[in-house]
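Here are a few notes to read with the model open beside you.

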Amino acid sequence: MRTAFVVAAVLLALASGPARAQGGFGLDLSSDPNAPQSNEQTEESSEGAPPEGSMGLDLSSGPGADLMPRFGLVGLDTPERAGAAVAKRWVGWLQGVAFRTGKVVRAATPAEARQQLGNDYATTLRCAEASCLSGAADTLDADLLTTARLSLEDEGWTLRLWTFDRDRGVVETDVVTGRKPTDSTFIREAGETLAKRVTALARPRAMLKVASNVSRAVVRVGSRVLGVGNVEAKLPPGDNQLVVEADDYNTYTKTVTLTPGETKELAVRLEFSGAAPESPLAELDERTSVKKKKSGSSGGTIFSRPALYTTVLGLAAVGAGVAMGLPLQQRRLKIDRQGVVDITRPDYESMRQQALLSTALMAGGGAVAAGSLAWLIIVPQHSAPASSPVAGGTGGSGRGDMALHLVFGGSF
């Protein structure tokens with residue numbers, strides 16, 4: 001057993017040798033494991049060049065980091081083979097120096113940017129204009145977004161950095177040249193240039209919380225849409241033009257001044273601008289209003305009331321009855337010596353019917369005229385409703401509609 005233990009310890013010691021040669025923990029930190037290391041590269045590393053594959057440390061995770069601007073490095077475009085061989089080293093160094101400024105927090109690594117941008121990644125990597133970088137910045141939620149290109153130009157090896165500032169919607173360009181991609185001075189100068197640019201553009205955020213009474217209201221600052229309804233957003237300090245808008249509502253606008261590290265809450269109430277919402281009460285009010293208008297237009301004058309015309313009709317009937325009865329009163333019947341009226345039976349029946357008709361016209365016309373005249377005088381033109389519709393039809397103001405209905409019938 002002791003011999004087996006000794007053999008195992010020897011084998012473990014032999015296995016730890018290669019790991020110690022790679023950095024003590026078995027990690028391969030080289031940018032290309034298959035690329036041979038030249039004497040010149042080894043000499044440059046000894047002069048203090050940044051370590052190959054170093055991704056840097058994000059030192060901005062302390063207090064207040066939530067309101068720091070978010071930075072993202074899309075990647076490095078390297079069309080030449082010599083630049084591609086050290087692309088990993090460049091990307092790690094550039095990203096590391098940006099975070100070590102302590103002014104930004106990470107929005108996305110190049111790998112995360114490739115995954116989130118999808119088919120747009122290649123276009124964004126080669127973009128140098130705000131028109132194509134703004135969409136990528138919104139996708140990654142990056143306040144500062146940098147893309148780089150390392151290529152061999154007329155002046156020699158050149159690194160171009162394009163940093164998009166989402167607050168201002170502009171792209172800042174930096175150019176650094178060097179002897180070759182592996183030159184430590186070249187790499188260090190590029191990192192210092194990016195660090196200065198990030199430091200100059202980085203501004204601490206402020207938190208704005210907007211609560212709207214309309215759930216579908218769109219909240220934006222300038223042309224940037226923050227969300228719908230209740231929104232929380234990190235915004236740059238300074239004056240921000242807040243706009244809250246929704247269909248059928250008046251647009252709310254306000255200039256909001258924010259200071260670094262501030263949290264401001266706003267309650268926005270939009271005023272309705274369209275037609276009144278449909279509801280039983282609204283519909284009832286509308287019907288009542290229409291009814292009042294109709295009654296007002298029909299009863300506005302005495303000539304629009306039916307009682308006036310029935311009164312005239314009744315008086316006309318009375319006049320017709322009087323006209324028919326007058327000839328009968330003026331007619332004198334002849335009586336002979338024996339006391340017999342000199343009249344034929346047909347004449348008698350005619351006079352009898354005429355007298356009955358005259359009496360009926362005068363009686364009926366007088367009744368109609370009297371009733372209509374009473375209706376016209378006693379009943380007001382506008383009667384209050386007998387009951388409140390909302391209260392279920394019982395109760396009310398105590399005033400009811402007065403109506404007088406006269407029915408005449410008979411035969412003559």
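1. Five strands make up an open sheet of mixed pairing, in the order E2-E1-E3-E4-E5. Strands here are DSSP E runs of at least two residues, helices are H or I runs of at least four, both numbered from the N terminus, and two strands pair if DSSP finds at least two bridges between them. E2 (105-108) and E5 (170-178) stand at the edges with a single partner strand each, so one side of each has no neighbour in the sheet.

2. A word on the source: this is a predicted model, with local features needing pLDDT of at least 70 and side-chain atom pairs pLDDT 80 or more, while totals for chains, interfaces and linings use all residues. Residues are numbered from 1 along each chain as its sequence is written, and side-chain values use heavy atoms, leaving out hydrogens and water.

3. On one side, E3 runs parallel to E1 (residues 70-77), joined by six bridges; Gly 75 has Thr 147 in E3 as its bridge partner. With E4 (residues 156-165), E3 pairs in the antiparallel sense over ten bridges, and Leu 145 is partnered by Phe 164 in E4. Two residues lie between E3 and E4 in this hairpin.

4. E1 and E2 also run parallel, through three bridges. The bridge partner of Arg 70 in E2 is Val 105.
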